[in-house]
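Subject: Structure handover and findings

Hello,

Here is the structure for your files. Please load it first, then read the notes below.

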Amino acid sequence: MTSGPLDRPDRDDARWERPLGTAPDVWAVFVQGRHRDMHVYAGDVHAPDAEMALVLAKESYTRRDPCVNLWVVRADQIHATAQTAADMFVPAIDKSYRFGGSYRQQRRVLQSSYKASYREEDQ
């Protein structure tokens, strides 16, 4: 069992999470390129409500790249870990054997096959 900031509430760095502290009209935009892809952060838009945020996100982030779905999330509702809580990500034991060195190459191959398949779908 590992100990982390959650187990030590009496320490000064016990506050391990924080809101991002952005303006209330900022929305984070996540784009899904194809149905089997995951949503990827694309950027931010300023809008008064979710509907307007979706319209602005569509106009800003889907004109050139493929998109099948959009998510918008109020940026002030996103919470992050504090910089002082970095030690909670250190594994208790060495599991470096789990990190494959070829993931970058696999991702590159997957992206190139995606580009090729996307061109075929266009025709």
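The model is predicted, and its mean pLDDT is 79, with 72% of the residues in the chain at 70 or more. pLDDT is the predictor's confidence in each residue, from 0 to 100.

Some ground rules. Residues are numbered from 1 along each chain as its sequence is written, and side-chain values use heavy atoms, with hydrogens and water left out. Because this is a predicted model, local features need pLDDT of at least 70 and side-chain atom pairs count only at pLDDT 80 or more, while totals for chains, interfaces and linings use all residues.

Two segments deserve a flag. Over residues 1-6, pLDDT stays under 50, and the model has nine contacts there beyond four places in sequence. Residues 8-13 also stay under 50, with five such contacts. A contact means heavy atoms within 4.5 Å.

Overall fold

The chain has two helices and five strands. Along the sequence the pattern reads β-β-β-α-β-β-α. Helices (H or I, at least four residues) and strands (E, at least two) are DSSP runs, numbered from the N terminus. Take the contacts in the chain with a separation of 6 or more: residues 24 or more positions apart account for 58% of them. Of the 123 residues in the chain, 20% are buried. Buried means under 20% relative accessible area, exposed means over 50%, and partly exposed lies in between (1.4 Å probe, protein chains only).

Strand E2 and its partners

E2 covers residues 26-32. Six of its seven residues are buried. E2 pairs with strand E3 (residues 40-46) in the antiparallel sense, over six bridges. Two strands pair if DSSP finds at least two bridges between them. Valine 31 has valine 40 as its bridge partner in E3. E2 also runs antiparallel to E4, and six bridges join them. On that side, glutamine 32 has asparagine 69 of E4 as its bridge partner.

The core

Which residues make up the largest nonpolar core? There are nine: Trp27, Val29, Val31, Val45, Ala47, Ala53, Ala57, Leu70 and Val72. Strand E2, helix H1 (50-61) and strand E4 (69-74) each give two or more residues to this core. E2 gives the most, with three. A nonpolar core is a set of buried Ala, Val, Leu, Ile, Met, Phe, Trp, Tyr and Cys residues joined through side-chain atoms within 4.5 Å. As background, nonpolar side chains tend to be buried together in soluble globular proteins.

- Valine 45 sits in strand E3. It counts as buried, at 5% relative accessibility. Leaving out residues up to four places away in sequence, valine 45 touches Asp25, Val26, Trp27, Val29, Ala53, Leu56, Ala57, Ser60 and Tyr61. Valine 45 and alanine 75 are 30 residues apart in sequence, and their C-alpha atoms are 9.7 Å apart in space.
- Alanine 47 touches Asp25, Trp27, Met52, Ala53 and Leu56, again leaving out residues up to four places away in sequence.

Aromatic pair

The structure holds one aromatic pair. Rings of Phe, Tyr and Trp (its six-membered ring) pair if their centres lie within 6.5 Å; planes under 30 degrees apart count as stacked, over 60 as edge-to-face and the rest as tilted. Phenylalanine 30 is partly exposed, at 22% relative accessible area. Tyrosine 41 is partly exposed too, at 45%.

Salt bridges

How many salt bridges are there? The count comes to two. A salt bridge is a side-chain nitrogen of Lys or Arg within 4 Å of a carboxyl oxygen of Asp or Glu.

- Aspartate 37 and arginine 34 form one, at 3.7 Å from N to O. Aspartate 37 is partly exposed at 29% relative accessibility, whereas arginine 34 is buried at 13%.
- Glutamate 59 and lysine 58 form a salt bridge, with the closest N and O atoms 3.5 Å apart. Glutamate 59 is partly exposed at 42% relative accessible area, and lysine 58 is partly exposed at 47%.

Best regards
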